[in-house]
Each structure stands twice: as structure tokens, then as C-alpha cells.
Amino acid sequence: MNPSPETGGDVPARHHEVDRQHEGELIESGPRGSAAIAGLLARFQPPPSPRQSVDSTNAPQGPVSGTPAWGLEQLAKAIVSKAAALLDIKEIDTETDLFDAGATSVDAVRLVAVLDRELNVRLSLDDVFADARPRRLAQRWLGSPTKRPLPEAPAATGAPVAPAATGAPELPVASAPSATTTASQGTDIMPTETVTPDETLPVLDDHAEDLALIMADLARADQLPWCGDPEPVPPRRVLLTGVTGFLGGHMLLDLLRHSDAHVVCLVRGDTVQDAERRLAEGLAGFSLPWSAEIRRRVTVLPGDLRRPRLGLTDEQWELLANELDSVVSVAAAVDFLRGYPSLRRTNVLGVLTLAELAMTGRPKPLHHISSIAVFNEIGIASMGEDDPVAHVDRLTAGYDKSKWAAEAALRRARDRGLKATFLRPGGIVGHTRTGAYNPHDINTGLFSAISRYRVAPKINYSNSAPVDWVSRVATAVICEPSGWGQNYHLTGRPDTLTEMVRDQELGGLNVRVMAWDVWLKDFLARCESDPVPELEFMARVLRNPAGQKIVEASVTAPMATGERTEAFVARHKLPPPTRYDAQARLKSYERMARDGLVILPHRDDPPHLWFRETMRGKVGPADGKPDTHCSFALTLSIASMYQLVQHRTIDVRGTVSCSLLHPDPLTVDDGEIWVRPHEGVPHRHGLDHPLLRYRLALRDSDGNGWWLEGWKTARARFDYMKQARTLTIRAGREGEPASLAGTMRVPKKSYKREQIDGIRVNPNLSMREQRIAKLAWLTWFSAQLGQGLLEPTLRAGAELLDLRPDAIDLDKDRYQAKLKQWEKDRKHLR
Amino acid sequence: MTLRPLYAPMDRVTVEQIPFHASDGTELGLSRLIANTPTDQNGTDRPAVLLLHGLTASADMFVLPETRNLVDVLLSAGYEPWLLDWRGSCRLPHNEGRVRYTFDDVALYDIPEAVSYIRDRIGRRQLFVVAHCLGALSLSLSMTGGLVPGLAGVVAQGVFMTPKYSARSRLLGHLGGEWGRSRWTHLPVDFTKVGFRSRYTPMFALASLSAGDCDDPTCHILHNSAWGTGASLYVHENLHERTHNRLAELFGSAPTWIGPHLRRMELAHTAMPWNTAGQGYDQLPENALDSADRIDCPVLLLAGSDNKTFHDSNELCYDILSSRHPDLDVRYVEIPGYGHVDPFIGRGAALDVFGHIVDFLDERSAAST
């Protein structure tokens, strides 16, 4: 129901600069779901905070005519109403975290727009991410010292002014009283009587509140039951959470592959079918299989980590408590913008519920996927498996605090008998084989930013490992009783900046390195001037102060060490941690390029390396004798070594002069050379192996199009130089069959001058980088050419070897020789 | 009869072993498997699937009792598996014998005659073929020679029509193999039979040089050397411990005299017969790629991403077939983290690999109905 004079409020006046009607329409017409988040966020500038809003208009806005005055509770209820309608959820109240209620980042954008448009409450997205409880949102708006001047109360009511709300905001602990109004969709709550604005509400001290909340959450661990040691046998029935996520999905498959366990997957959903569909979609999104064979060994259990007893019935809970022999906690809300209050139900209380399950009935080990974020204090000296974690009061981001609190709570649970294993990954980067990656991982964002802008921040160490390795080691620990109850660092082999820069150099994707703060400014400036939807996630993180601290802590972190993990890996013959080098990241890189997160160099970009190629020869009619002179003046270039090694192609530009085609030289519109097409497999049975294929699209000065195709072919002859220089061509008008044919040759004299000495490299690179690029090209191309030229000769040589006798023949010969010798000896004896 | 009994999980399947000889007199092995459940015993409408092993392996590779094997999965999915031990099987004595054969014989006799026999038994039911390694390569010669028309679909794992080695395998396999074939008739893998003092000891010693933590010489010769070719047959970690312990039963001696045929095909990256025209093998094509238009059924090419034997042969095959013969229904699926033979014998193969095979068979079965 829209506000109306009858219900005590006029339609809020529109403020053009913050009018979100258009945005709302865009959102409502746009796709939902996480895939659309980046696009949606990119379409909207960050909403102005109250301070920005006032500043930007450069004048007090003054009372908005007819806009109702809000009290705290009233506004909170109004927000509940709007959020309920938006999210299509009934069961929320003023203390419900909207993200816990199922809101996504897209919904957050929509809510900000709706609150502004319909309630004239202007919150920023960061406000919603920091604490998405409606009461807190209302408090944040009303309590802000910079909130806009309060509107006049509707004159129609004429009611007396209510007393001002006073006192400090309530601590948002679970026991704190909350507005108990349960929202009913479609019922707008608007002030129906005059209320006095809460001008006295103090500014929120989020950090102090977070600390108080953390302490209250830790106290819950003291209410866990006492339990004994679990039976030290490999698990047969495992509860796994977070299976629709990046790491959880991979761990599910690894658990199935490397153990005989049956896995119970806790998945959100109203029904088993719904949960199963979510699981299948989640796995498919990360290129993981979902088949009848997997379903045989998996039980999908609809539930919710954030709810008491996981949202299960008492019977289900009891059954799990008695049947399970291992609990694996992978699910987490991984969001670097949301505050601790918004993350705690999943990341802390959910883990405590799992601990309770592990400690109820048959004792079970709890394996908890933590994070090296528990060390995310800037300037921390070391990050060893048993080193002290950060001081919680020095952690700034809600995510870091939630991971710290979960570990701290489980440490208390350890004292009560729980066998709790902490598995701490750092950055979890893409799968080395499938390329599946997590687009919301900080490392993915950093790599994406570096690849796109070719500028890198100075990084101490990249404590990251590919998801396949992290998942494999984590599941091995879960399946090995002797490894339970310890701390492990799944950070792999940390990468250094030097190594990363070298990889980029070899790929022809050179980057400049800047100090962190310079890079940050540079990146944000680029995002402002040239916004890229795919980088908006990273831009939002880096615009947010807490997000900035997370990234800064990660790039300035010391090397994470993991002696226990390394020993475990060696003892159990697991794949050792290896560097996530260019080869390992190749698949992810290609996948990120497909998703627009990185840009591969294109033929229209300034070339990485180029040289000239001149050809001369004769052409004639397709079925006649070549008798007309023809010449090519081409420039061959590559945009990167990646193009060469992966696609084996070289770009071609230049001109073709041939009077049979046109009196004027023809321009190469589009041209490509394919090196050893299809590995040089002959087109027809024989010893002629294709070496290079030229394909040129030409245009004459009259605007007519022509095509030209040429082949350099390797044959079983010793004139290798001639074969490497000779190109057999066919050409014809666009869309028509070949009308001309002939043979072109690279003049012997020009070969070295143009194609070796004449190689030019991107002048923006240093001399050293230019030399590396040139040598890399020469090495690769010479090897390909050499292999291609030799193959026919090798085949011919092998045909000679085929004639040699084998061991059976030789044995026969030897037998015959023995017989002869025996005959001779016999005669001799006679 | 010299065929070694099939090592199958008899509690799960019943094996019908069929005495089978090729028309050139060579003894082969053919078996039909039925699940030990009343419904399966009576099922007569199941599409049949013929499984072909690779050189020196045997039908045992499809019925590993220690894992959820391909036969289990096919039976659960409603198919009737048939296993052919062609003449390169380690359940047969031919690889260590004095009678040489080539892949021409497999393509001309073993596969078409097994297909013909099965067709006689199953009537109008569909027949698929799932083939591995050089069984698949031989099948490609049969198919392009028009010797097995009318198959409902083919799955070729590891390699099909375009064998491709690494540079190291070319050197060791083609050049080193040439040296070896004049000295040995075959290269064994079972170190317990060979013993410490034998003429094969240097080969085992070389294979053990980069053995890592594994201390099984049979595993070394297969995983680090693949009979001296410098290839690797599987990703070590993908094997079940019990499978690892019985590698010597799953793989047998490799005949050295078959090397030149393999070399000829590998250097050309093309399946082609050894025997030239006029030697009784005229039904086989001169060059399988040139005759690929004779393939009359959909083909699914499978390969492990870490195949260190035939590397990206099947991806190359897919590229060539789809560009030179665009009318063919050819697909390619890469199995992440798998090597050459572990897509069939790996402990997780049912989870990662067999789903692709069953999906393909189901699709083709549904298409025909």
C-alpha cells in the first residue's frame, strides 16, 4: 500500500539526484541471482550516505513537505514491511538479519532503492551490508549525526509530540529484546500519528558492539554438552555443509572419491527435491559432476545452518546425532562487506550448532574450515599453524571477526571434549584442471584487476592454493583419525611477486608494480573513470574501509607456514603443494576471460611482437600456368605469447600486389597464420604434412572482397629451407571458388633480415623484457618449425627401420645358425 | 583352452563365458554379464554394450571387484555388458607367443566377428561399443573399413584415430623400442615372475629411478615407463589400494613386435593398417581419417586431462573430425584429473567418468525409441 494522505503520509517528494525509480525498474526487469550482481551493482553508483547526500546537494534539504516523521520502532517496522514484500518472506522481524532471511546482494540494492523511493530513507549499500537488521538500519538512519533535517509531522494528525527516544542503542545480542512484529507482506507501515524524531540517538559504535556481540557468542560455547573422544576410524557417514559452495562442492566429490563414506549434505531448500536441485546446480556451476552414481552415495537433507538444530525435526536431529560419525563444517557466509552481526548466525552460531551435533549422542569429530583471516591483523609477525591468532579488537572486517569468533568458540568446545580440527585455507584459487574459480574470492578479484589494468600492487606473498589441492588435503585429514583435532594451514606454496611478474612477462602480459596505497588510488580512479561491471565486486570491496583492510592485510601478510600440513601430505602421499604458476592457472585464466574478468590481448591491441614478411612469386588461373608476378608485403604479429602457445596463430596485416587480382595493391582486412594446423596431420594419405596455413581476407581499392589461402608444406626431402619459405596459394573472389593459384616464396636474403633481425617488440617494455619476448618467440617458433619439417623425414626413415628383423626373426636365425653349427660339428666328428 | 578366468565380483554378477575363436583360428574371449538380481536375470530388452580393453590389459579392467566398476554401472543403468578379450589381452597367451599379429588382425577379425556374434544373440536390440586405448584405435579401423556398420554409438577412451605421443615417448618408444625389439619378444611387467636377475632387470631399474614413494616395481614399469616408452598409464593417486596391488594381474607383457605398427601410426598421427594392399587386408582403409565419412554412428571421445600416454590425442581427433567431416556426430569430453587408464580402473571412475558414458548411451537409446 502506498503512503497516502489518508494513512497519514503524503507520497514522498522525489529528489532527482537520488531518485531510484529508474534503477528500481531496471532491477525489477533485470535477472535475479548472483550472476547478475556485478552487472546490477555496476549500473548504479554507490548510493550517497546521509552525509554524502547532504554534501552533494550542498544545502540542507529542508523539510520535505508531507513526509512523515519516523520513530525508531516505527521506521524499523516500515523497513520490515518493505523488506518482507521485497524478499517474499513473512517470518522476519526487526531483529532479523535480512541476509540471513535469504537476501542476496541484488536484494540489498533493491532494498536501498525501495527505501529511498517509498520511505525517503537514504541508506548506502555499505550500511545494509554492515548490519542488515531492520532495527539497526532504522537506527543508522535516524541516529546519524548527518541525517537530513527532519521532516514536518503531517499537519492533519495534530497529535501531541511523543517523548524522544533516549538512551544508548541496545546491544544486539540474541537476548536483546526485539520488535516482535512479524511482517505481513503488502502491509505498509507508515506513521499514523505524530512522532518526535529520535534526535538524541547516539552515533553507532559498530566495533564496540561487535566485540560485545562476539563475547556473548563465545559464551554460548560454555553451554555445549561434555563429550568423550570419537572412535578413531575413517568415517562411514559424514555430515557436510556448504556443498553448494566452491570448496564444499569440491570436498563432496573428494570425500566420495577417496573414501567409502556416505555423505549427508545439508542444503537449504523447502523440500528434498528443491535442495537436490540447488545442489545439482551448485555442482554444475563449478564443473563438478552430478549423476546417478553420486546420488547413490549422497543424502540431501533440507535444512538451514542458521536455524536452531539446523532447522531439522527432533527425530532428524536425533538420528543424525546417533548415526553420523563425522561432521564437516564448510558452509560460511563469505562476504567482505557485511558486518559481524550480519555474518554471525552463519559463521559462528551455525558452527556452534554443528559442534552441538558433534557432541550429542555418539562423539564425533568436527572438522571446521576456518581461514587464515583469523590472522588478518595488519603487521602480524607470523602465521604458523599453532601461532597465536590476531587480537580480535584489531580486526576490522566482519568476516575476519566471524572466522576468529568461530575458532575461539570451538577452542572452548575443545575444552569440553570436542575433537575439533581447524583447516585454514588462505585464498582458494581456481581448479588447475577445470578452471572453476570463485568470482568472489579476493585473489580472483586482485588477479582480475592486475590482468585488466596491467598494474599490480606490491604483494609480499600470495597465500593461496588451488581448490583441488585444498579440497584434497582437507578430505584426507577428515578421513585420517590420526590427523584429527589439530590445526592445518591449507595455504599451499605461497607465491611471490617476483614469480607472478615473471609469469606475466613470459606470457607477454607484462605488468607494472606499485606500492599498495598508490595502486589502490590508481585502481579506484580507473574504476571511476572507466567502470567495468566485472570488476565492480572488487571496486566495492576496495571502496569499503573494512574491505580495504582485508585486502591490505592479505597483500602485506607474511608467508603462511604449514609444517604440520606438509608432514601430513608427505606421510599420506598426497600431492605436494606446488606453486600456482602460469600453467596451473591457465584454465582459470581462460574461464575468467570468458566471463569478462580478465581480458586476453586481442589482435586490435598494440602488438606484443611483430616483424615483416616479404614474398614474391607467380600466380595464374586456377587450372593454368602461373605466369603473373605477385608480391606480398605482410606484417606478422602476436598480441601475446598466450595466443601463440594456446591457439598457435599469428595475426597478419599488410598488402598483396597482383595484377590478376587488381591493378592496385589489395589490403589485408583480416589475416591469420595457423602454425602446424592440427599438429601437422596430413590432409590426405601420404607424407605431406601441413606446416603453416595462411588465410587472408583481402579488399581491393574498389571495395571488392577476395579470399586467399596458402599452405607451407613439409615433405620428406632435405630442402628444409626451401620448404619453410614456399607457400602454395589459391585465391578467389569473396564467396566464390578459387580462380587463381600459384606459388610464393620468401626471398632467401630477406628471411634473416626481416624475420630474425627485424623482430620488433612493444616499445613500452624495458630492453630486458623486449629481449625475453624476442627469445621466447624464436624458441617457440623454431621448435614448431623444426618438428614440422622433420616429421615426414622421420616417417620415411621409420619405414626403413620397419624392415629390420625383430627378436623372433633373430631367434630363428640363431636357431638356424645353431643347427648349421651342429651339422658342421657332426660332420667334423665323423 | 588357455583363457584365464575372468576375475569378477561373483557376488554381484554372473558371467556367461562363451568359447570364441576368430576366423583365423586365434582364440579370443567373449563373455556376457548379468547382474545377480531376479529382474536382471530375466531382462531381455536391454541394449547391449560391448567393452573393448586396451593392449596388454583384459576384460578384467571392466569388472574390478574392489570398486564400483563399469559393468556394475551399466547393469544398474539398464544395459547388458559384453566383454571381448581380443588377441592383445593378458588373459590370453598371444602377447608372449611366437605368432605375431598387428592391429589389422584385431580390426579385421576380432572386433567385427565379436560384433556379429553378439548381434546374432541380441537380435534387433541396440549395440553400443565402449573401447579403450588401442582397442578403440583398432575399432576405428573396423569402423572406417565399414566392417561394423549400424552400431548405436561408440565411446572411445584415451585414443581413437589420431595417436599422439610426447617427444620423450617418441624418443624412447620409437627409437629405444627399435633397439629393444631385436632383443626381446615381449616386455613383462610382473617383477615377481621376472625376478632380480633377468635380462629385463635394467629396464625395471630404469623405471624405478623416479619412482617416488611407491615401492612396487610393477607399478614403476607401468606408471613411470609404460613398458619403456617413457609414458605413464595412470594418475597414481586415482587407484584403489587393492587395484594397485594387483596391477600385475591387470596388465601383461607388451609384445615388442607390434611396435613398428604403432610407430607408423603415431608418426602420422593417423590410424592406418600395417599391411598394404594385396596382403589380404584390403577391407581395411588405407588411412582411417580419409575414410572417416564411413562412420555411421555418434562417437563420444573421452580422455583424462592428465593422460600421459596418448596426451591430447582425442582432442586432436575431435578437432580434425569436426573440421574435416562436419556431418559426423562427434563429441569430446575431458575428465579432469585422470590419466590414461584410470578413467576405467580408477577408484572414483564411477563418479567422474561413467556418468558421461551412461548419459551418452541413454541419449542414443532414447533417440532410437
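How many residues does the contact take from chain A and from chain B? It takes 29 residues from chain A and 40 residues from chain B, where two residues are in contact if their C-beta atoms, placed from the backbone, lie within 7 Å. Before going on, note that this is a predicted model, with local features needing pLDDT of at least 70, side-chain atom pairs counting only at pLDDT 80 or more, and totals for chains, interfaces and linings using all residues. Residues are numbered from 1 along each chain as its sequence is written, while chains are lettered from A and ligands numbered from 1 in the order in which they are written.

Back to the contact. On the side of chain A that touches chain B, the elements giving two or more residues are helices H9 (246-258), H11 (292-295), H26 (767-801) and H27 (807-829). Helices (H or I, at least four residues) and strands (E, at least two) are DSSP runs here, numbered from the N terminus. H26(A) provides the largest share of that side, with five residues.

Now for the inside. The largest nonpolar core has 279 residues, and A:Leu240, A:Ala355 and B:Leu50 have the most contacts inside it. Such a core is a set of buried Ala, Val, Leu, Ile, Met, Phe, Trp, Tyr and Cys residues joined through C-beta atoms within 7 Å. Buried means that 20 or more other C-beta atoms lie within 10 Å of the residue's own, C-beta atoms being placed from the backbone. Helix H13 (residues 340-359) of chain A gives this core its largest share, eleven residues. Leaving out residues up to four places away in sequence, A:Ala355 touches A:Leu224, A:Leu366, A:Leu410, A:Ala413 and A:Leu418. There's also a second, separate core of 41 residues, including A:Leu634, A:Leu691, A:Leu696 and A:Leu740.

Chain B next. Its secondary structure comes to 15 helices and ten strands, and buried residues make up 60% of its 369 residues.

Finally, look at helix H3 (residues 103-122) of chain B. Its 20 residues reach 27 Å from first C-alpha to last, close to the expected 28 Å, which is 1.5 Å times one less than the number of residues. Because 14 of the 20 residues of H3(B) are buried, this helix is largely enclosed by the rest of the structure. After H3(B) comes B:Gly123, with a positive phi near 65°.

Definitions and conventions
Buried ≥ 20, exposed ≤ 12 C-beta atoms within 10 Å, placed from the backbone.
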